[in-house]
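Please read the points below with the model open beside you.

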Amino acid sequence: MGWGSVLLEVTLMPLLAFATGLLLVLMMRRIRARLERRVGPPFFQPLYDILKLYGKRVQISHGFIHDLGIIMVVGGYITVEMYLPMPGMDGLAAHGDLITLAYLMMVPSLGMALGVGQCANPNGSIGISRALMAMLGYDIPFMLVIVAAATLYGTTSLPDIIAAQQGGGMATWGVVTMPVMAIAGLVTTHVMLAKEPFETYVAPAEIATGPMVEMGGKFMGGLFVVQAFQVYTAGALYTTLFLGGGTSWLEFLPKLCAVMFLPFAITVLFPRFKAGEGLLWVWKWPTAIALLGLALIYLRR
Amino acid sequence: MADKDKDKAIDIPVTAGQPAGGSPYAGVFDRLFDFCRARSLFLLHYCTGCGAIELPPAMTSRYDMERLGIQPMATPRQADILLVTGYVATKTLKRILLTYEQMPAPRYVIGICSCTVNGGMYWQSYATVKKLNEYLPVDMYIAGCMPRPEAVIAGLQQLMDKIEAGRANGWQDYYRRYDAYLGKQQALFGPRWQTPTDIVAEARRFELFGPGTLGAHTSLLDQYQQPLELPSEPVFGRQKDESGR
């Protein structure tokens, strides 16, 4: 594969991921609205929000690191998208693997911590400490899922994992070959998206949206872009590991929506955990399920 | 209250938009952003008055504001619209001004209920502000005691039309005639009134510096200005604060 096509894919992949992410954000807001018996936002609402926020004038600065933080958050996710295969495009996926991806997915959170730390708003500091705490929680089941996938497929390369599942049809999909792990992965995805009841670090009524508290105008625009990337990344990674990716967008997109439907729908049912309670819950249940799943995989080998 | 600039203050001011730049594409982007601004409005509620009770039905399943792109936000930094519902006491006005000045431009203010228009049933109260638009630019009033959710949504839609046409320029007026607004604020709070936001510097940065930005009242700002930060030497076991704050 020549440099030209790699460059093209690396440019297209984040853009496509962003567009799909916007669609998923719209789906999230529509599902919430329908469950609350509302109509919900119009089709282009996520795009209007982002364009409007980028059209705002920023009259304040909290300093250089604050500005750098938001670049790290958006940049981190753009890099993640380059390593996450999508139908027809592998981008840099052949040059990195699951471990690289797991590492890169931490960069946005760290960038956020860096940026928010400088704005000196106590709500922001509380929020970001809770966000890192949540990361400490979901990273354990997440890592177990990665270990399980690597053990089962015998590789950490994402294109190979997809090829292994697409070669043998639906019977070789991760969700069939390691069903217990698929449940743990779904719960982990839910925690990773910070949906209720794990919404501890956003908590609008308690700490005024936590890390986002001082983010206005273009900074907020960056975070809305990141939200689109975040939902896409979580869904695409799950689809890749458990549902065999997709040979085309016609196959990939319904899978993505099906995966995300569950967290988006059940989140409406819950109030919020306390930060410590949420952490303990994550260390207890998804971790226990993931350990069980891992044990089953080792027993079967 | 000073009646000198009464005429100027009572009219909801309409100022001209940005002068057209050299590039033919500048206007295109402005129109695109105005289009998006009108369709995505983040609300910040300043609900100390009774009008707040009409907002939950306007937001939830019965009337659902989100279908128009309107949703509530938690902090002034994230918001586009400051919603002042009901009477404004002189004490709450201070907080409203602090909140308003923290919002990123372009920002809009909506006064809901008769109390924000003319004091309403608090007309004879010594502690209540009568006309909100004397102290900060109000883009839209929704009158009524209290306005029904339909009226609130109709008002918001009118504001959306105004934004899309590029006529909701109250925030620019605050920079261009800051001295007049500040004068009204000082008439209530005394000559020592200060906010942490440097409106004059922002007016320069946004190129909205008008003949009314500086004046007799802004010179009082400089006269009574106190340093916002404490002295730089380390203050463990903070001594008595001589600035009186």
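**Notes on the predicted model**

1. Helix 6 of chain A and helix 9 of chain A are roughly antiparallel to each other (an angle over 145 degrees counts as such). Their axes come within 9 Å and cross at roughly 150°; axes are lines fitted to C-alpha atoms over the stretch in contact, and angles run from 0 to 180 degrees between N-to-C directions. Helix 6 covers residues 122-153 and helix 9 covers residues 179-192, where a helix is a DSSP run (H or I) of at least four residues, numbered from the N terminus.

2. This is a predicted model, in which local features need pLDDT of at least 70 and side-chain atom pairs count only at pLDDT 80 or more, while totals for chains, interfaces and linings use all residues. Residues are numbered from 1 along each chain as its sequence is written, and chains are lettered from A and ligands numbered from 1 in the order in which they are written.

3. In helix 6 of chain A, residues including A:Gly137 and A:Tyr138 meet residues of helix 9 of chain A, among them A:Ala184 and A:Gly185. Contact here requires C-beta atoms, placed from the backbone, within 7 Å.

4. Between chains, 28 residues of chain A are in contact with 19 residues of chain B. Helix 2 of chain A gives the most to the chain A side, with 5 residues.

5. Chain B is divided into domain 1 (19-168) and domain 2 (169-227), with bounds from an automatic or database domain assignment. Their centres, taken over C-alpha atoms, are separated by 21 Å. The contact takes 20 residues from domain 1 and 14 residues from domain 2.

Conventions: Helix = DSSP H or I, 4+ residues; strand = E, 2+ residues; numbered from the N terminus. Parallel < 35°, antiparallel > 145°, perpendicular 65-115°, else oblique. Contact = placed C-beta atoms within 7 Å.
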